[in-house]
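User: Hey, I'm new to this one. Can you walk me through it?

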Amino acid sequence: MANELSEKAAELGAAIAEHARVLEASPDDAPRVIQAVNALRTAALEYGALCLDRTGWGNPLSALEEDLEEEAQEGEPDTASVDVEAHYRVRVNDPDAVARLLGEQAQEDVEGATAADLVTQLFVRDGWDPDAYGDDLVTVVSQSWSCGPAEKES
């Protein structure tokens, strides 16, 4: 068991190192960055699943951003927080190319996927920068956004 976890941890470490290498070498190469992001996320999820399966402990990497948000809320009021809302209307010009861009790990998820499914996966996997994909894959038809002070949570 311990050896299996150590091996999976080493794979996760290698995925992190590869992600950093790709970002340092070619941060504007969206397909390479997305591939590295997908590999890193897959490795992290596999490590967390193995932890749960072999030890009963949950994924130590889950909800990290939520934990940080909770810690921030426990302190003084955060007057620097803002709410940003964005609306995009996009056209998926080449669904097959977008599916390939999502990477081999995602192929099960994208077979027969609608344009909305593909765009959702792009958003979830890389944080959504529609200009990074090129007009041959995704065209931004229109966009609007607003920004203002964060609303208080109830």
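**A first look**

Analyst: Let's start at Gly 56, which sits just after α2 and takes a positive phi of about 85°. Helices here are DSSP runs (H or I, at least four residues), numbered from the N terminus. This is a predicted model, where local features need pLDDT of at least 70, side-chain atom pairs count only at pLDDT 80 or more, and totals for chains, interfaces and linings use all residues. Residues are numbered from 1 along each chain as its sequence is written, and side-chain values use heavy atoms, leaving out hydrogens and water.

User: At what angle does α2 pack with α6?

Analyst: About 75°, with the axes 10 Å apart; α2 covers residues 30-55 and α6 residues 115-126. That makes the two roughly perpendicular, a label for angles of 65 to 115 degrees (under 35 is roughly parallel, over 145 roughly antiparallel, the rest oblique). The axes are lines fitted to C-alpha atoms over the stretch in contact, and angles run from 0 to 180 degrees between N-to-C directions.

User: Which residues make the contact?

Analyst: From α2 there are Ile 34, Val 37, Asn 38 and Arg 41, and from α6 Val 124, Arg 125 and Asp 126. Contact means heavy atoms within 4.5 Å.

User: New topic: how many salt bridges does the structure hold?

Analyst: It holds 5, each being a side-chain nitrogen of Lys or Arg within 4 Å of a carboxyl oxygen of Asp or Glu. One of them pairs Glu 4 with Arg 54, with the closest N and O atoms 2.7 Å apart. Glu 4 is in helix α1 and Arg 54 in helix α2, so this pair ties together parts that are 50 residues apart in sequence.

User: Which residues are joined into one network with Arg 54?

Analyst: Glu 4 and Asp 53, through salt bridges that share partners. Asp 53 meets Arg 54 at 1.8 Å, N to O.

User: Is Asp 53 buried or exposed?

Analyst: Asp 53 counts as exposed, at 53% relative accessibility. The cut-offs are under 20% for buried, over 50% for exposed and partly exposed in between (1.4 Å probe, protein chains only). Arg 54, at 34%, is partly exposed, and Glu 4, at 32%, is partly exposed too.

User: And where do Glu 18 and Arg 21 lie?

Analyst: Both are in helix α1, 3 residues apart, about one turn of the helix.
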